[in-house]
Amino acid sequence: MISWFSKIFPNVVNLGWGGDTGWGTSIFQTLFMTFWSAIFGGILGILFGVILVLTKEGGIRQNKFWFNICDKIVSIFRAIPFIILLAFIAPFTQLIVGTQIGMNAALVPLSLGVFPFYARQVQVALESVDHGKIEAAQSLGATTWDIIFNVYLNEARSELARVSTVTIISLIGLTAMAGAIGSGGLGNTAISYGYQRFDNDVTFAATVLVIILIFIVQITGDFLAKKLNHQNR
């Protein structure tokens with residue numbers, strides 16, 4: 001079985017598992033970038049999404065000034081192609097992490113690249129919450145923080161799980177482009193050690209691994225969304 005695999009996928013085997021170009025290293029780099037960018041970008045996305053819902057016209061903390069500021073920030077970052085964003089914020093990346101190259105450097109543009117997409121998803125999810133429940137909470141004297149955590153985020157948690165799944169899958173795709181600044185990962189392996197060297201077996205193997213990773217995220221996200229939806233009933 002091993003000899004057959006080595007014959008069909010010789011370049012895949014030659015890359016090995018460890019080392020700078022190994023498959024284990026590439027998988028770790030992809031997971032590392034995806035996880036931490038999802039955390040940092042997720043925090044920013046939820047923050048902006050909540051502010052947009054609270055300060056919109058008719059929101060519980062209506063504020064046209066802050067709504068317009070946050071709305072424009074989200075719209076501007078969404079409009080910038082990720083590969084351009086990598087170069088545009090390079091000085092800021094250098095300031096934050098002390099380097100413009102590598103996995104840690106990739107976290108800054110990945111987080112800033114994914115947060116506006118997630119912020120819009122969060123905004124839509126929170127706006128789907130029954131306004132009657134918000135009014136009921138206000139009539140009982142609930143504070144803004146009470147409404148945010150006990151009404152908005154609690155009632156929309158199933159939908160938030162769904163949009164989080166979509167965002168993480170999108171983020172996995174962005175990690176491939178992050179290879180342009182030497183971040184590594186499966187996308188970089190597919191391009192640098194597969195496509196550019198005409199080693200199609202490497203490209204194929206990297207693609208299969210990315211698809212498997214996406215399937216795992218999708219299945220996990222669907223399970224959590226269904227479970228949280230049942231808990232809301």
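What percentage of the 233 residues in the chain is buried? Buried residues make up 40% of the chain, which is shown here as a predicted model.

View 1. Of the contacts with a separation of 6 or more, 71% are between residues 24 or more positions apart.

**View 2. Helix H4 packs against helix H7.** Two packed helices are described by the angle between their axes and the distance between the axes. Here H4 covers residues 64-79 and H7 covers residues 103-127. The angle is about 125°, and the axes are 8 Å apart. H4 and H7 are therefore oblique to each other. Their crossing is left-handed.

**View 3. Residues of H4 and H7 form the contact between the two helices.** From H4 come Phe67, Asp71, Ile73, Val74, Ser75, Phe77 and Arg78. From H7 come Leu112, Phe115, Pro116, Phe117, Ala119, Arg120 and Gln123. Sorted by class, the contact has nine nonpolar, two polar and three charged residues.

**View 4. Arg120 is a residue of helix H7.** Is Arg120 buried or exposed? Its relative accessible area is 16%, so Arg120 is buried, the cut-off being under 20%. Leaving aside neighbours within four places in sequence, Arg120 is in contact with Leu52, Asp71, Val74, Ser75 and Arg78.

Definitions and conventions: Residues numbered from 1 in each chain as written. Predicted model: local features only at pLDDT ≥ 70, side-chain atom pairs only at ≥ 80, totals over all residues. Heavy atoms only, no water. Axes fitted to C-alpha atoms, helices over the stretch in contact; angles between N-to-C directions. Helix = DSSP H or I, 4+ residues; strand = E, 2+ residues; numbered from the N terminus. Parallel < 35°, antiparallel > 145°, perpendicular 65-115°, else oblique. Left-handed = near helix turned anticlockwise from the far one by under 90°. Contact = heavy atoms within 4.5 Å. Nonpolar A, V, L, I, M, F, W, Y, C, P; charged D, E, K, R; others polar. Buried < 20%, exposed > 50% of the residue type's maximum accessible area, 1.4 Å probe, protein only.
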